[in-house]
Amino acid sequence: MTQGNDTIDPVCGMKVDPHATELRSEYHGTLYYFCGSGCKQAFDADPERYLQTETGHQQHGHHH
Ligand SMILES: [Zn+2]
């Protein structure tokens with residue numbers, strides 16, 4: 001089994017069991033789960049900040 005039910009807290013990177021927490025937020029149609037209320041509040045305050053994934057080279061398409 002490579003797919004568990006765990007998901008990753010986008011704020012701190014901890015594994016979170018979605019069935020074990022009620023701390024979740026929906027953003028752009030995706031549900032995110034949190035290990036604690038502090039992480040949820042941080043995410044709610046600035047979701048974009050935590051959704052910048054490890055894409056090392058983000059190009060913004062401004063090459064002309
Ligand atoms: Zn957390």
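This is a short tour of the structure above, one selection at a time.

Before you start, note that the model is predicted: local features need pLDDT of at least 70, side-chain atom pairs count only at pLDDT 80 or more, and totals for chains, interfaces and linings use all residues. Residues are numbered from 1 along each chain as its sequence is written.

Begin with the whole protein in cartoon view. You will find 2 helices and 4 strands, where helices (H or I, at least four residues) and strands (E, at least two) are DSSP runs numbered from the N terminus. Along the sequence they follow β-β-β-β-α-α. Of the 64 residues, 16% are buried; that label takes 20 or more other C-beta atoms within 10 Å of a residue's own, while exposed takes 12 or fewer and partly exposed lies in between, with C-beta atoms placed from the backbone.

Next, select helix α1, residues 37-45, and show Cys39, Lys40 and Phe43, which are buried. They sit on the same side of α1, because they cover an arc of only 100 degrees around the axis (taken from the directions from the helix axis to the C-beta atoms). Now turn to the other side of α1: Ser37, Gly38 and Ala45 are exposed there.

Then select Val11, Val16, Tyr32, Tyr33, Phe34, Cys39 and Phe43, the 7 residues of the largest nonpolar core (buried Ala, Val, Leu, Ile, Met, Phe, Trp, Tyr and Cys residues joined through C-beta atoms within 7 Å). Two or more residues of this core come from each of β4 and α1.

Leaving out residues up to four places away in sequence, Val11 touches Phe34, Cys39, Ala42, Phe43 and Tyr50, a contact being C-beta atoms, placed from the backbone, within 7 Å.

Note on methods:
Two residues are in contact if their C-beta atoms, placed from the backbone, lie within 7 Å.
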